[in-house]
Amino acid sequence: MSPSHHPSEHHLVEHAAGGLAPGHDLVIAAHVTTCGTCQAEVRLGEAVGGALLDALPPEAMAKDALARALARIERPAPPATVASRGPPADWIGFSSPAVDAAWRRRRWAAPGVWVAPVIRGPGRAHTYLLRVAAGMAVPYHRHKGRELVTVLKGAYEDRGDIHQPGDFAENDDVVEHRPTVTRDGECVCLISADAPLVALDWVGKLFQPFVRI
Amino acid sequence: MHAQAANTQVPIFAVWGSPGAGAHVRFMTETRDLSALIVAVAERGDRDAFASLFNHFAPRVKAYLMKLGTTSEAAEELAQETLLAVWRRAAGFDPARAAASTWVFAIARNLRIDLARRERRPLPGEQPAPEQAPRPDAQLATLQDERRVATALAALPAEQAEAVRMAFFSDKPHSEIALDLSLPLGTVKSRIRLAMGRLRILLEEAG
């Protein structure tokens with residue numbers, strides 16, 4: 001099944017250009033692995049990058065640069081790094097060492113909820129995995145700055161839309177919402193936020209110091 | 001300017017075989033030429049082909065990295081790493097899927113990102129991301145030919161081309177690119193969206 005909620009064009013171009021903040025880049029990459037349409041767009045972006053690279057006026061390399069390169073290719077390649085174990089099989093087929101490692105460090109945060117930090121920073125930015133049990137709602141909240149989300153497993157409902165595996169969402173600072181996991185099963189999302197969310201009800205205010213998202 | 005950079009000024013001709021008595025020059029288009037060189041590296045470990053790739057790409061990768069604010073020394077080193085990766089991963093290059101320059105661009109971009117992340121001190125267990133196989137439905141014709149992409153880029157309105165160039169050659173999010181161009185962010189985003197849509201149409205027509 002292909003996702004039905006996609007990142008905007010400029011996110012895909014920034015991803016192809018390598019210009020996104022690391023956390024935002026991961027969330028876009030997770031969506032792109034599940035989405036042929038967006039993958040074609042990223043490949044177009046990379047082709048543009050290649051054409052621009054090719055048209056650049058060359059910058060002279062050191063005199064011995066080619067000799068060094070020819071010597072280096074004669075040396076044996078280091079053994080490939082051990083592949084990480086990968087994410088659980090029932091997640092979307094997105095493998096990232098940072099995300100896989102985070103999943104193994106997940107910790108209980110509240111009843112039905114676990115959180116796993118993936119990348120901290122820059123500044124107050126924070127990238128994490130969030131698991132919420134079937135039928136549960138995330139406390140009512142809003143955001144400071146942008147928040148990017150890709151569903152890795154399960155589904156949630158947000159303001160009338162169902163977000164399913166691979167679906168992408170971008171929430172800006174005018175959104176106030178209470179995303180609710182569907183009753184079919186737990187939902188795991190990869191989330192990258194410019195700043196911690198702002199709890200708008202007592203439940204959120206009570207739990208936020210422990211959940212730290 | 002050093003000799004290697006000067007060599008890259010005549011990309012129409014490729015020297016095949018070892019230089020000297022047995023060498024001959026074959027006339028080819030630049031695109032097929034560069035792709036064929038990577039295939040020669042993959043299939044035969046062809047050192048001469050590698051040297052030609054190095055002379056073409058290393059000075060351009062260095063220029064790309066310096067445009068993004070990398071120092072000359074670090075750019076030189078990353079250009080070396082990029083071409084070393086070209087040698088080691090040549091078997092993963094598929095000339096039917098991507099142009100040589102696209103493939104090399106993606107390697108240089110990823111190495112630059114990896115370096116930036118190492119400097120940021122990753123969390124424990126974090127490693128560079130593995131390359132992921134493309135989905136079968138991610139098809140777009142004619143991307144294996146960089147000349148078509150370059151021709152399509154040249155056909156863009158100037159302000160769209162500038163917005164795209166800034167996206168690739170500026171180590172800044174689009175919000176800061178908008179500041180540099182003294183434009184509202186929405187305008188930069190819409191120029192990029194229009195440019196990509198136009199490119200898609202031009203390339204599909206060409207196919």
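Guide: Two strands pair if DSSP finds at least two bridges between them, and the strands (E, at least two residues) and helices (H or I, at least four) are DSSP runs numbered from the N terminus. The model is predicted, so to speak of local features a pLDDT of at least 70 is needed and side-chain atom pairs count only at 80 or more, while totals for chains, interfaces and linings use all residues. Residues are numbered from 1 along each chain as its sequence is written, chains are lettered from A and ligands numbered from 1 in the order in which they are written, and side-chain values use heavy atoms, leaving out hydrogens and water.

Visitor: Which residue stands opposite A:Arg142 in S9(A)?
Guide: Strand S4 of chain A covers residues 141-142, runs antiparallel to S9(A) and is joined to that strand by two bridges. Across this pairing, the residue in S9(A) that stands opposite A:Arg142 is A:Glu176.

Visitor: Which strands stand at the edges of the sheet, each with a single partner strand?
Guide: Three strands of chain A form an open, antiparallel sheet in the order S9-S4-S12. Since each edge strand has a single partner, one side of each is left without a neighbour in the sheet, and the two edge strands are S9 (176-177) and S12 (198-199).

Visitor: How many strands are there in chain A, and what share of its residues count as buried?
Guide: The C-alpha atoms of chain A fill a box of roughly 65 × 35 × 35 Å along the principal axes, and the chain holds six helices and twelve strands. Buried means under 20% relative accessible area, with exposed over 50% and partly exposed in between, using a 1.4 Å probe and protein chains only. Among the 213 residues of chain A, the share that counts as buried is 59%.

Visitor: Which residues of chain A does B:Tyr64 touch?
Guide: Contact means heavy atoms within 4.5 Å, and residues up to four places away in sequence are not counted here. Within chain B, B:Tyr64 touches B:Phe105, B:Ala108, B:Arg109, B:Phe168 and B:Phe169, and in chain A the residues it touches are A:Ala17, A:Leu53 and A:Leu56.

Visitor: Is B:Gln80 buried or exposed?
Guide: B:Gln80 lies in helix H4 of chain B, which covers residues 72-89. B:Gln80 touches B:Phe54 as well as A:Met61, A:Ala65, A:Arg68, A:Ala69 and A:Arg72, not counting residues up to four places away in sequence. With a relative accessible area of 1%, B:Gln80 is buried.

Visitor: How many residues of chain B are in contact with chain A?
Guide: The contacts of B:Gln80 with A:Met61 and A:Ala65 are among those between the chains. On the side of chain A, 63 residues take part, and the number in chain B is 77.
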